[in-house]
Amino acid sequence: MALSGMRGLSVFISDVRNCQNKEQERLRVDKELGNIRTRFKNEKGLTPYEKKKYVWKMLYIYMLGYDVDFGHMEAVSLISAPKYPEKQVGYIVTSCLLNENHDFLRLVINTVRNDIIGRNETFQCLALTMVGNIGGREFAESLAPDVQKLLISSSCRPLVRKKAALCLLRLYRKNPDVVNVDGWSDRMSQLLDERDLGVLTSVMSLLVALVSNNHDAYWSCLPKCVKILERLARNHDVPQEYTYYGIPSPWLQVKTMRALQYFPTVEDPNTRRSLFEVLQRILMGTDVVKNVNKNNASHAVLFEALALVMHLDAEKEMMSQCVALLGKFIAVREPNIRYLGLENMTRMLMVTDVQDIIKRHQAQIITSLKDPDISIRRRALDLLYGMCDVTNAKDIVEELLQYLSTADFAMREELALKAAILAEKFAPDLSWYVDVILQLIDKAGDFVSDDIWYRVVQFVTNNEDLQPYAAVKAREYLDKPALHETMVKVSAYILGEYSHLLSRRPGCGPKDIFNILHEKLPTVSSTTVAILLSTYAKILMHTQPPDPELQQQIWATFVKYESFIDMEIQQRAVEYFALSKKGAALIDILAEMPKFPERQSSLLRKAEDPEIDTAEQSALKLRAQQQQQQQPSNALVVTDQRPVNGAIHASSLSLVKVPSMSSNTEVNLGEHQKLSEANDTLSKVDGQSSPPADLLGDIFGQLAIEGPAASSVSAEPTSGPGGASPRAADALALAPLAEQSNTVQPIGNVSERFHSLCFKDSGVLYEDSNIQIGLKADWRGHHGRIVLFLGNKNTSPLVSVQALILPPAHLKMELSLVPETIPPRAQVQCPLEVVNLRPSRDVAVLDFSYKFGTTVVNVKLRLPAVLNKFLLPVTMTAEEFFPQWRSLAGPPLKLQEVIRGVKPLSLPEMANLFNSFQLSVAPGLDPNPNNLVASTTFFSESTRAMVCLVRIETDPSDRTQLRMTVASGDATLTFEMKEFIKDHLVTIPTAPPAPLPAASQVQPAVSPTALTDPGALLVGLL
Amino acid sequence: MEMGATGLRGGGTGERGGDGYFRGSDRCPPPFPNISLCLAATSSPTALILKSNFSKDNKHWKKEVGLYLAKPREIVQSCNMIQAVIVMNTQGKPRLVKFYNFLPVEKQQELIRNLYGVLCSRAENVSNFVQADAIFGPGTRLVYKHYATLYFVFVFDSCENDLAMLDLIQVFVETLDKCFKNVCELDIVFNFNKMHTILDEIVVGGQVLETSSTEVMKAIDDITKMEKSSNAISLVPKTVSSR
């Protein structure tokens, strides 16, 4: 019967479908997982067929979203099954379930290879597909040559060869070295003569990958690509099965044109002419038709042709033809084509001289902003944003503003930001700019970031002509019944500064302004309250002669906030109240804000540096600025400004909120001084922050993305991570010159460095006055790769550099060539390959020597290629652990020893120690709480991946002794592992127990960066 | 349920068929109905600006590639490939999930949930493209096609041609249709293993392997013969489910 094959699977799927809710589904799945697990346990009773069924079930459960953390071995082992159905399941499920670095893949590498080189085509296909889907570095290394052979073999069927092409592509991505460029470029060229379109499509994908990495090597393929394009698009020389809705293999056409876009240009005039002929044919010969699929296919080709035309920088005539086409597309009914039309028009903007033609379609693009499809609306917005310039800014921005009130929430923030950027970039006059931003805040206040309103304030402050206008506008908005808080902020600020310019107008007297602002006070958040308080103080100052009634009101407000819970507001209230009693002196203190230094808008910067992540960007800039600004300022300022600065800092109780810009700091300091002179008692209370500084802070605080951080830097001028190390290094480099005649002493404790490196994979191995040897290691199974970074710290070269590895018997080590001379302040990297042959605790030694001047320095350094580097922690459940534990009975596979004189450790400490060895402690596995059980996998060539189990029994009354049992499938491993752990348990007093304490012991000697990355420190040196 | 190559349902952008057979073919409630809103809110403006800025030198393809490499996020590990093929029904149940870069299962499920949130909020007669940056990381693109009760989704990076991907979905579906003779969701549910086999004949390692459904069918027929000859899987007839 047809069903008998997979009845169990069908029933299970049916059951899952019948579940009423997620909970039932989970129960059913758990039950099934339990069932599969038990069946897999006693594998003896399992037929290959049953195994296959369970593995399919696992994949189904996995697809439903449940973690399947067992049975991987069974899936993988099916790959070795002799019959096709089992093998197929093995391959498919393995490629879905396992990560490319999964250890089990190593176990089947040989089977896979045998399938690939074997005679059975179906097996070849399965293996190639799986390898192509998973990728894997190890696959790349061991299989690439065989896959290449299949691809170029003349005896293989196309079915196999096309898979080989894609498999090779994947392997190439994982490790580009698998394709030898020299020989392969000719091969590729030959492969492009292939007649079978299936193979050709795959080969073309491969070519795209190769060319995108190195187009120079594949020049010879370029004419072939043009030929293929001619064959398809012009001659329609395609078998029936590759004609898709009447179009000759659109995919191959697309891929071919994609490949051509990776060549910088087409130089040969004949080829270029032929290519343009074909492109012209494609551009002209495509029409929108009724059949959707045909439309999609023909336009796929067309859009690719457009991209290629743009890439090739065709003559203007062809370009305008393209724009005309796009213009047609953005108006068609077919949404996909409209979408791509808009998108490609945005790309087209980058081509010179076509902007004007694009502008003709502005109305149509604006219509697309109202398209029912959000995808299209987004593209339209992108295009409008891209095509905006001085001539059409007003129209476009107004259009965006109008759209803002109806736009989806998903788009509003972007829309607001873009409108603000465009308004600033292309404002024909500043009053328009102010209008736009105020409208923006009014319509979409929630989506207007602070950056945007800070920027308006900057503009208004810097342009006197603008101030009355802005004040009038702000006043107008305040009349609106519902006001966004950002609007309150910006109008409060502007009116505080400039409302006195309007005082003659009706409804703009100080009292009116105060009243209307004061209405808002109860409903706003504390940041806005702070701004309002400043505004009140300003209003008070500008009211000349004083209006006693207004004064009373404002004072009452200040008094009310004197005990407010928010410190900032409380402080402002207290200070403004005290200041406002000063009478005429107030005018000096609360004078109008100075102009802001010209600076690039943070918005525009955001828009212009799109590549850099904003956070990253600010960090980078900050660092650059620190280094640029700090050093000169140190030199210049010391005599003059420093003391002032220092005094202020000293008098302040905590961090002073000083804005970062130096010019402003001066102003503030000046005012601050006046302030303190004016009133001693006040300055004592005040010390913490002067009001003007704070007003600035409102505007400046976040406006300058890099602002606030910089101010904290000024507090610790020399300890910046970037700035400090070069100087520190200079100092180091200078000192040894004096003691040159003496022998060179290592810096830091060499032995401690070694021990700490035993537990981490990068750090400094050795350092003296001339050289620093950093190390970075990467361990995979029984292989390891250590890179030694030899950094010359001096300004003269180190000569006669020699590095010799003295490997112990169990390690195979190959050090790449070490250059004899290390140039001044340079760093060389020497990779060292390590293969672990068998378990042993012996340690490799690096015999390193160099000559500096006349001194010969020779050091012998232990290399941290120690036993625990070849361990990979495995977490085991009780069901997995105990059967193994029991099966390893007695010596020599299981050894037990009572160890005395152990450094007393609590159980959690011991667990930490074990985890740092890569021994994974399984809490709760041992029923006795005083015991500890751990497991790990050890890798070596002789043992392969071997599980190693450890049990520690402690005596709570005497922590200096314990009983340890170690078990593994290899006697040597068991012994070595036992001794290794013992060493670490007993010698703890001298050797650093865990990475953390180790790090802190070394730290004083090395600069902090060195610990994280030796490269970083060395870079600092150079 | 008519899904012949000529009258293929949803061949366009929105035609939506539906008969009683499909409706309610799965009784689980849609798992996360409200995701679309929170998703919408996460699209950051900076990420969006990225898309509209292309370099002057017309090397935008490569440039974008560089960008992904510089900012590895979730799925974007290597470039120029199909990242994932997902088939799910209109209630958000996955029917076929294939990621070409390994992702842990929780991550896969999260992506699928988010994806569903976006897809189910799409109206009919709109384009087949969805901005997927917010779900799959910057630079990823997404093409989907809606057939009766199923969404077919291809996620890829900007180095593939959008419409060509859409065509590929069509090829996939046409092949399924040939294979199952008027394919419907139930075929796919019960023969998900067969789906994997078919997909493996169309896409390998995130690259297009075969674009002719005739050729794919030949390969599939060979495989079926192999299976039969060694006494194994054959298609599950639709009647099973009604029992």
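How many helices and how many strands are there in chain A? Within that chain, with which strand does S3(A) form a hairpin, and how many bridges does S5(A) make with strand S8?

Reply: The structure is a predicted model, and chain A contains 46 helices and 16 strands. Chain A has 1022 residues, of which 56% count as buried. Its exposed surface comes to about 42,100 Å², with carbon and sulfur atoms supplying 53% of that area. Among the contacts in chain A with a separation of 6 or more, 68% are between residues 24 or more positions apart.

The mean pLDDT of chain A is 79, and 82% of the residues score at least 70. The highest mean in chain A, 94, belongs to helix H13 (residues 250–260), whereas the lowest, 33, belongs to helix H34 (residues 641–651). Throughout residues 609–742 of chain A the pLDDT remains under 50, and the model has 139 contacts beyond four places in sequence for this stretch. Residues 988–1022 of chain A likewise have a pLDDT below 50, with 59 contacts in the model beyond near neighbours in sequence.

The part requested begins with strand S3 of chain A, residues 762–767. Six of the six residues of S3(A) are buried, so the strand is largely enclosed by the rest of the structure. S3(A) forms a hairpin with S4(A), and three residues lie between the two strands. Strand S4 covers residues 771–780, and its pairing with S3(A) is antiparallel, over five bridges. Within this pairing, A:Val764 has A:Gly774 of S4(A) as its bridge partner.

From S4(A) the chain passes into a further hairpin, this time with S5(A); two residues separate the strands, and A:Gly781 adopts a positive phi near 55°. Ten bridges connect S4(A) and S5(A), again in the antiparallel sense. One position in this pairing is A:Asp778, which stands opposite A:Arg785 in S5(A). Strand S5 (residues 783–792) is itself mostly covered, since eight of its ten residues are buried. S5(A) also pairs with strand S8 (residues 827–836), antiparallel and over nine bridges. There, A:Ile786 has A:Leu832 of S8(A) as its bridge partner. Taken in order, the pairings link S3(A) to S4(A), S4(A) to S5(A), and S5(A) to S8(A). In general, strands of a sheet pair through backbone hydrogen bonds, in either a parallel or an antiparallel arrangement.

S6(A) is joined to strand S9 (residues 845–852) by six antiparallel bridges, and A:Ile805 has A:Leu846 of S9(A) as its bridge partner.

Further along chain A, A:Ala922 lies in the loop between strand S13 (920–921) and strand S14 (931–940). A:Ala922 counts as buried because its relative accessibility is 10%, which is under the 20% cut-off. Setting aside neighbours within four places in sequence, A:Ala922 is in contact with A:Met876, A:Val933 and A:Ala934. A:Ala934 is twelve residues away in sequence, and its C-alpha is 5.6 Å from that of A:Ala922.

A:Cys96 is buried, with a relative accessible area of 10%, and A:Cys948 is buried at 0% relative accessibility. The count of disulfides over all chains is zero.

Seven antiparallel bridges pair strand S1 (residues 82–89) with strand S5 (residues 150–157) of chain B, and B:Val85 stands opposite B:Phe154 in S5(B).

Methods: Residues are numbered from 1 along each chain as its sequence is written. Chains are lettered from A and ligands numbered from 1 in the order in which they are written. This is a predicted model: local features need pLDDT of at least 70, side-chain atom pairs count only at pLDDT 80 or more; totals for chains, interfaces and linings use all residues. Side-chain values use heavy atoms; hydrogens and water are left out. Helices (H or I, at least four residues) and strands (E, at least two) are DSSP runs, numbered from the N terminus. Buried means under 20% relative accessible area, exposed over 50%, partly exposed in between (1.4 Å probe, protein chains only). Contact means heavy atoms within 4.5 Å. Accessible areas come from the Shrake-Rupley method with a 1.4 Å probe; for residues, only the protein chains shown count as cover. A disulfide is a pair of cysteine sulfur atoms within 2.5 Å. Two strands pair if DSSP finds at least two bridges between them. pLDDT is the predictor's confidence in each residue, from 0 to 100.
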